[in-house]
Amino acid sequence: MADNKTVSPEETSPVEAAEAALDRLAAKLAPPSIGAQIRRLLPKIENAIEAGATHEQILETLRESGIEMTIATFRSALYRARKKRDREQTGQQRGSRERSSGGGSSGDSSPSDGEQRLKGASKAEPGARSGADARQETRDPLAVPKRPKSFDWDPTARPEVTFINKDDDKVDTDP
């Protein structure tokens, strides 16, 4: 291929030419979303903010470049782009930590947090069970749970009434 980016038709196959034409058509008909454009420009936008540019100044520059949006849309897209970037970086860090720990397959066999908790629980009394084990043992999954006392009140039930006779209160006193 030549050094410049244009390729003569003799060097490309009909399939490659069709792919390029379809890519151009798709780019023309469906430009990237505002969010995608902001995500792509995020490092440069943040450099401008660090240099002291305001959001309004950055938005004016984007408008001059042909990217039209309101200030509210810009701020929302900027927030979402930063959030997505941070999530992806956190996911990459999490993945690298898992790979560096080796998942137990490496020669360095340091116990995980869960294993350390289990070892700590086994140092307690030998017959005692901890946390979830004790709860699982006492609870029957098929048992009907007890209802709270507030559910036992029946508003249609008549109260038990006992009548006291005044004569019964008098004590028999024999002279």
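Is R80 buried or exposed? At 60% relative accessibility, R80 counts as exposed, where buried means under 20% relative accessible area, exposed over 50% and partly exposed in between, with a 1.4 Å probe and protein chains only. The legends below treat this residue and other sites in turn.

The structure is a predicted model, in which local features need pLDDT of at least 70 and side-chain atom pairs count only at pLDDT 80 or more, while totals for chains, interfaces and linings use all residues. Residues are numbered from 1 along each chain as its sequence is written, and side-chain values use heavy atoms, with hydrogens and water left out.

**Figure 1. Overall fold and confidence of the model.** The protein has seven helices and zero strands, and its elements run α-α-α-α-α-α-α from the N terminus on. Helices (H or I, at least four residues) and strands (E, at least two) are DSSP runs, numbered from the N terminus. The average pLDDT, the predictor's confidence in each residue from 0 to 100, is 74, and 59% of the residues score at least 70. Over residues 103–124 the pLDDT is below 50, and this stretch has five contacts in the model beyond near neighbours in sequence. Contact means heavy atoms within 4.5 Å. Among contacts in the protein with a separation of 6 or more, 45% join residues 24 or more positions apart.

**Figure 2. Surface and burial.** Of the 175 residues in the protein, 9% are buried.

**Figure 3. The largest nonpolar core.** Twelve residues form this core: I38, L42, I45, I58, L59, L62, I67, M69, F74, A77, L78 and A81. Two or more residues each are given by helix 2 (34–51), helix 3 (55–64) and helix 4 (71–101). Helix 4 supplies the largest share, four residues. A nonpolar core is a set of buried Ala, Val, Leu, Ile, Met, Phe, Trp, Tyr and Cys residues joined through side-chain atoms within 4.5 Å. In soluble globular proteins, nonpolar side chains tend to be buried together.

Figure 4. I58, L59 and L62 are buried in helix 3. Seen down the axis of helix 3, its buried residues fall within an arc of 100°, so they line one face of the helix; the arc is that of the directions from the helix axis to the C-beta atoms. With neighbours within four places in sequence set aside, I58 is in contact with I45, A48, I49, A53 and F74. G66 follows helix 3 and has a positive phi, near 105°.

Figure 5. The side chains of E56 and R75 meet in a salt bridge at 3.1 Å, N to O. E56 lies in helix 3 and R75 in helix 4, so the pair ties together parts that are 19 residues apart in sequence. E56 is partly exposed, at 45% relative accessibility, and R75 is likewise partly exposed, with a relative accessible area of 40%. A salt bridge is a side-chain nitrogen of Lys or Arg within 4 Å of a carboxyl oxygen of Asp or Glu. The structure holds five salt bridges.

**Figure 6. Salt bridge between R63 and E68.** The side chains of E68 and R63 meet at 3.9 Å, N to O, in a salt bridge. E68 is exposed, with a relative accessible area of 56%, whereas R63 is partly exposed at 31%.

**Figure 7. Charged network around E46.** E46, R82, R85 and D86 are linked in a network of salt bridges. E46 is found in helix 2 and counts as buried at 17% relative accessibility. Not counting residues up to four places away in sequence, E46 touches R82 and R85. The side chains of R85 and D86 meet in a salt bridge of 3.3 Å, N to O. Both residues count as partly exposed, R85 at 27% relative accessibility and D86 at 36%. Side chains of opposite charge can pair when their charged atoms come close.

**Figure 8. R80 and G35.** R80 is found in helix 4. R80 and G35 are 45 residues apart in sequence, with a C-alpha to C-alpha distance of 7.8 Å in space.
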